[in-house]
Amino acid sequence: MGSVFLSCLYIKNSHSLFIPKCRFYYSLDSAVITYLSREIHETQRIFIVYCRFGRDVNDSVGQCAGSQRRSTVGTGQGRHPTSRSATERGLQYLTQHEFDTVGAIAERFIPADEMSISGKEAGCAIFVDRQLAGDFGQASSTYRLGRFVKGTPEQGPQEAKTPAERYRVGLAALDKTLQKQFGKNFVDLSGDQQDQILHAMEAGKLDLGPDVETKVFFELLLQNVREGFLSDPIYGGNKDMASWKMIGFPGARYDFRDLLSKKGQKLNIIPTSLIDNTL
């Protein structure tokens with residue numbers, strides 16, 4: 001059965017934080033674009049980051065900042081998590097404080113409104129924790145023997161550290177810097193203060209020390225939160241398929257032959273996840 005991993009961010013309103021203008025980074029199947037665009041009004045936009053189709057659940061399901069096939073910690077075997085609640089399995093890489101910090105960041109990136117729950121409520125921090133514990137976090141598909149030379153922006157980060165290491169160092173540096181400025185960690189700041197810090201990070205105006213490229217670390221956080229918000233719930237985020245319901249994405253359906261005759265009609269398809277796909 002064809003599986004789908006969709007990593008995109010729908011711009012919920014003109015005041016959403018850190019969301020650029022609509023643009024497509026990759027060429028997607030026209031049917032997917034048509035479906036996603038069908039019910040979108042002129043004042044609303046879809047931000048597509050990456051979409052890749054695998055032959056089955058064991059295929060790599062995306063490489064946008066590491067939405068790759070995940071392995072079970074400690075086994076070395078690539079398999080997907082069960083349908084059991086992600087929180088029931090406990091944290092796999094992040095400490096509780098790191099997890100809370102990522103959750104607070106996700107809350108500011110994607111705030112709750114009348115259209116959907118927030119990034120924190122959707123489980124973006126759980127998604128990040130699972131990814132850092134797996135192949136993405138260990139940079140399993142990345143050449144890492146050096147030499148590491150800073151490249152151009154188009155070449156992406158040339159990092160000696162794995163994504164998991166970058167999170168650990170980056171989150172610690174963030175709190176250390178904020179302790180000096182405010183006497184508080186990021187999670188203890190007010191929402192407005194958190195927004196100010198994130199804007200400064202986005203602009204590269206917050207010095208996190210010699211071991212962290214602030215803007216690059218910000219982009220990693222933003223990209224992973226986006227992925228967690230729009231990925232299949234099997235990966236820990238997108239709780240109750242909230243984001244899919246918001247944009248009208250049908251999820252991991254086998255096919256749409258039963259809907260081909262319903263042209264021009266609002267379909268109201270209930271999304272289906274890889275966790276429990278009976279369609």
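Predicted model: local features only at pLDDT ≥ 70, side-chain atom pairs only at ≥ 80, totals over all residues.
Residues are numbered from 1 along each chain as its sequence is written. Local features need pLDDT of at least 70, side-chain atom pairs count only at pLDDT 80 or more, totals for chains, interfaces and linings use all residues, and side-chain values use heavy atoms, without hydrogens and water.

Helices are DSSP runs (H or I, at least four residues), numbered from the N terminus. Helix H6 covers residues 214-230. The expected span of a helix is 1.5 Å times one less than its number of residues. H6 is mostly covered, with 13 of its 17 residues buried. Buried means under 20% relative accessible area, exposed over 50%, and partly exposed in between (1.4 Å probe, protein chains only).

Side chains of opposite charge can pair when their charged atoms come close. A salt bridge is a side-chain nitrogen of Lys or Arg within 4 Å of a carboxyl oxygen of Asp or Glu. The count is 8 salt bridges. One of them joins Arg 168 to Glu 98, with the closest N and O atoms 2.6 Å apart. Arg 168 lies in helix H4 and Glu 98 in helix H2, so the pair ties together parts 70 residues apart in sequence. Arg 168 is partly exposed at 31%, whereas Glu 98 is buried at 9%.

Lys 150 and Glu 213 also meet in a salt bridge, at 2.7 Å from N to O. Lys 150 sits in the loop between H3 and H4, and Glu 213 in the loop between H5 and H6. Lys 150 is exposed at 66%; Glu 213 is partly exposed at 38%.

Note on methods: Helix = DSSP H or I, 4+ residues; strand = E, 2+ residues; numbered from the N terminus.
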